[in-house]
Amino acid sequence: MRVCCIGGGPAGLYLSILLKKADPGHDVTVFERNAADQTFGWGVVFSDETLANLLDADEETHEAITRAFAHWDSIDIHFRGERIRSTGHGFSGIARKKLLSILQRRAESLGVRIHYGTEVDPAQVKGYDLVVGADGIRSRLRATHEAAFGPSLDVRKCRYIWLGTNKVFDAFTFLIEENEHGLFQVHAYRFDKETSTFIVECDEASWRAAGLDEMSVEEGIGYLERLFAAHLDGHELLTNNSSWINFVTVRNERWHHENMVLIGDAAHTAHFSIGSGTKLAIEDAIALADALKRVPDVREALALYEEERRGMVERTQKAAQDSLRWFENLKRYRELEPIQLAFGLLCRSKRIGWENLEVRDPVLIDRVRVWFADRAGVRAPPGAPVPPPMFTPFRLRDMELKNRVMVSPMCMYSAKEGVPDDFHLSHLLARAMGGAGLVMAEMTNVSPEGRITPGCAGIYTDEQAEAWKRIVDAVHARTDAKIGLQLGHAGRKAATCLPWDGGSDEPLPHGAWEILGPSPLPYLPYGQIPRVVDRAEMDRLVEAYVAATHRAERAGFDIIELHFAHGYLLSSFLSPLSNVREDEYGGSLENRMRFPLEVFRAVREAWPAHKPISVRVSATDWVPGGFTGDDAVKVAAALKELGCDIIDVSTGQTSIDAKPVYGRMWQTRFADQIRREAKIPTIAVGNISTWDQVNTILAAGRADLCALARPHLADPHWTLRAAVDMGWEGVEWPKQYLSGKTRKRVVPAVG
C-alpha cells in the first residue's frame, strides 16, 4: 500500500511507524511543512492509559518515550495567596521536541521517508492508496475537501500563549492571579529535569486592559514575568514560536472521504487544560492502523476506524469543553474561598468527582467536607462524623430542608378533572418517605385551559385544593420532608394527548379546548393556533395565579414554584421565538419579561412572607437567536429583586428547533451561571443520577439543591440508598425500613 501522510506531528509519525511495523512492504511517505527540529510549544502530557496503549502498539517507541519522562502525581492550585495540593493523580510529561525526535528516528529506522520543509498541495496528491491528513488545526487536506468532511471550527473566547520556563514545578500547577487589569491563569508542568511548560490564559477583556494586544511578544513576556514573579522565583519565561491565540475547537461531520482520512487535530481538538491533544492524536494513529490491519479494503477500513473511534473522541471533547468553559468563566469564581475553587477546578471536566477524588485524595475530601458543613451551619464535635454536602441542611426563609436532595416535579397525567387522588398520594408520600429533603408535586394548573392534557392536575377549585391538602397532611404526618407545589399554565402547549395515548405535545384529536399564547404561533406546525393574550386576559390570568396561591397555602404546602420554563405560558412570553408582539410585552427582554414578573409579584404578595417561592426557568432555548443563559441571568436578577428565593434551572423544551447538548449533569452549567452572576440560590436539574454527582455539584458551588426526576421514578428511596452507599449514618429512616440500612458500601477503584 502506498501511503501519503500530510503532517509530521505525533499523529502522522506514529501512524507511519505502525503501518511500517505491520507490513514493511508498505510505502509510507510523510510530508512535514516545518524543519525537523521546528515545532511550537514545550511539553506534552500522557496519562497511564495512553502509555499502556503505546506499550501494546510499539514497545520500542514506548521504551524510548518513557525513558525521557518526568513523573508527578500532585496538582497544585494557587489562589488568593493560598496553595491547595491534591495528590493521587499521576501524570507523565515529555518535551514536545524530544517526543518528535523519538518518533522521527523510529519512523526512519523502519523505512519511512520524511520530507521536511515541504508544503504539499492536497489537490495535487495522486497515485496513493491512502492519503492521511495529519496536518493540524489548519489542515489543508480538510480545507481542500471541506464539503466532504464538513468541518466546524469553534473559536473560543480566551487568549492564551504557550511559554516555557526553567522554573521546575513539582506538581501540575494552576496559578490564578488578579490585578488591576483582570484575571489571568497559568497551566504549568515540568517535562524534563530543567524545564516546565507555562501556558498563560486570560479572557479578552483582561488581555486588552493589560495592553497585551498592543505589546510585542517580548514586552508581553516582561508583563507576565512581573505578574507571576512570586511563582517564578526569578526564572525567566521562554518563547518558542509563541504568540497570543484563541483556542479553536475542531469537529468534523465526517473523518474520511474516499481514500482520505483525518487524524489528530485535523479531525478534532481538545482543550489543553485536560492535556488530551497528543493523547488523542496517538490513539487515533493506533486505531487507524488497527482498522487497516483488520480490513484489507482501504475505504471499508476508514469507515470502521471512524465508527469505532468517534464515540471515544466525542466523550473526550465533551470533557474538554466542560473544562474549557470553566476556565473561560473563571471570573465567576473569583469570590470563592480557595478550597471551594480548588475543588471546582479539579472536578470541572466531570472526569473526576467527589467519589473518585475521595479515593485519590481522602485528605482533601475531608477538608472540603468539613468546610462545606461549617458553611451550612453543621459543626460536629471533634472526632464526630461530618456529613457530606448532600446531607447538610439548607434554609429558605423559615423552611429548613434536612438535606439538599429534591424530587423534581414530574407530571403524572393521572388526575380526573384536575383532582389528584390516591395515586398521587402514594406517589408523593413514597418519595417523601424515601429520604429526600424536598418533594415537589407536579406542574399543577391554575385554570382548566392551562392543563397540558386532560389528565393534568389543577388547583383552580376548592375540591382540588382539599385533595392536595390530604396529600400534604400525609407527607407532614409521616415524614420530615417538605413538600412544594409547582404552579403553571401550559399556554400554547395545552390541550395535548396523554403521552401514552398519542405522544407528548401532540394536539388532542377530539375534545381540545382553546389555548392561549403571547403571539399566534403554534408550538407544532400543525398544532392549534393560540389566541393572543390581551390585557383583559392578563388580568384574569393574574387573578387565577393568585387564587391558586391562596389555595396552595390552605393546602399547607411549604413552598410554591412558578413555572417559567419549557415553553408553557410564562416561558413563551420570555422567549423571542414564541413572543413576537409589538406592544409593551414584546420586543426587548425587558418587555418580554414584563408579564411573567407581574404574575410573580402578585403571587409573592399573596403567599405568606415566611414561606419561600421558587421559579423554574428554561435558561436557554438551544436555538440561535433564542433565549440565552445571559437572558436567564437578567430574569433571575429581576425575580430576586421581587422576592424570589431560589431559581430552578432547566433548559429547552421551548421550540421544536432546539438542539440540546445532552450528557451527564448537562444543565448544571446554567445553574452555576445564574447562581454566580445573579447572586441567587439555584437548583440544578438534568441527568443528575448519582450521589457522587450531587456531592460534586454542591461542593463546587454550582447549585444549592439538586433535583432528580427519573432516578426517583425507578427508586422512591433513592436518598436512603445513597446514604447506605456512602456509609453515612446520620439519616433518620422510617422505623419500618430500618433493616434496609444493613447493606454495605462498595468503594470504587481509581480510574
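The model is predicted, so local features need pLDDT of at least 70 and side-chain atom pairs count only at pLDDT 80 or more, while totals for chains, interfaces and linings use all residues. Residues are numbered from 1 along each chain as its sequence is written, and side-chain values use heavy atoms, with hydrogens and water left out.

**Helix pairs**

- Helices (H or I, at least four residues) and strands (E, at least two) are DSSP runs, numbered from the N terminus.
- Helix H10 (residues 277-294) and helix H11 (residues 298-328) have axes that come within 8 Å and cross at roughly 155°; axes are lines fitted to C-alpha atoms, for helices over the stretch in contact, and angles run from 0 to 180 degrees between N-to-C directions.
- H10 and H11 are therefore roughly antiparallel (over 145 degrees; under 35 is roughly parallel, 65 to 115 roughly perpendicular, the rest oblique).
- On the H10 side, the residues that meet H11 include Leu-280, Ala-287 and Leu-288, where contact means heavy atoms within 4.5 Å.
- That H10–H11 contact divides into 10 nonpolar, 1 polar and 5 charged residues (nonpolar: Ala, Val, Leu, Ile, Met, Phe, Trp, Tyr, Cys and Pro; charged: Asp, Glu, Lys and Arg; polar: the others, Gly among them).
- For helix H18 (residues 535-555) and helix H21 (residues 594-606), the axes come within 9 Å and cross at roughly 35°.
- Among the residues making the H18–H21 contact are Tyr-545 of H18 and Phe-595 of H21, and by class the contact has 10 nonpolar, 2 polar and 2 charged residues.

**Nonpolar cores**

- A nonpolar core is a set of buried Ala, Val, Leu, Ile, Met, Phe, Trp, Tyr and Cys residues joined through side-chain atoms within 4.5 Å; buried means under 20% relative accessible area, exposed over 50%, partly exposed in between (1.4 Å probe, protein chains only).
- The largest one has 139 residues, of which Met-390, Trp-468, Ile-647 and Ile-674 touch the most other members.
- H18 gives the most to this core, with 8 residues.
- A second, separate core of 66 residues includes Leu-13, Leu-99, Leu-288 and Leu-292.
- Not counting residues up to four places away in sequence, Trp-468 touches Pro-420, Leu-485 and Phe-557, among others.

- Phe-184 sits in strand E12 (residues 182-190) and is buried, at a relative accessible area of 0%.
- Leaving aside neighbours within four places in sequence, the contacts of Phe-184 include Leu-175, Cys-202 and Phe-228.
- Ser-349 is in the loop between helix H12 (338-346) and helix H13 (354-360), and is buried with a relative accessible area of 8%.
- Ser-349 touches Ile-274, Ala-319, Asp-322 and Ser-323, not counting residues up to four places away in sequence.
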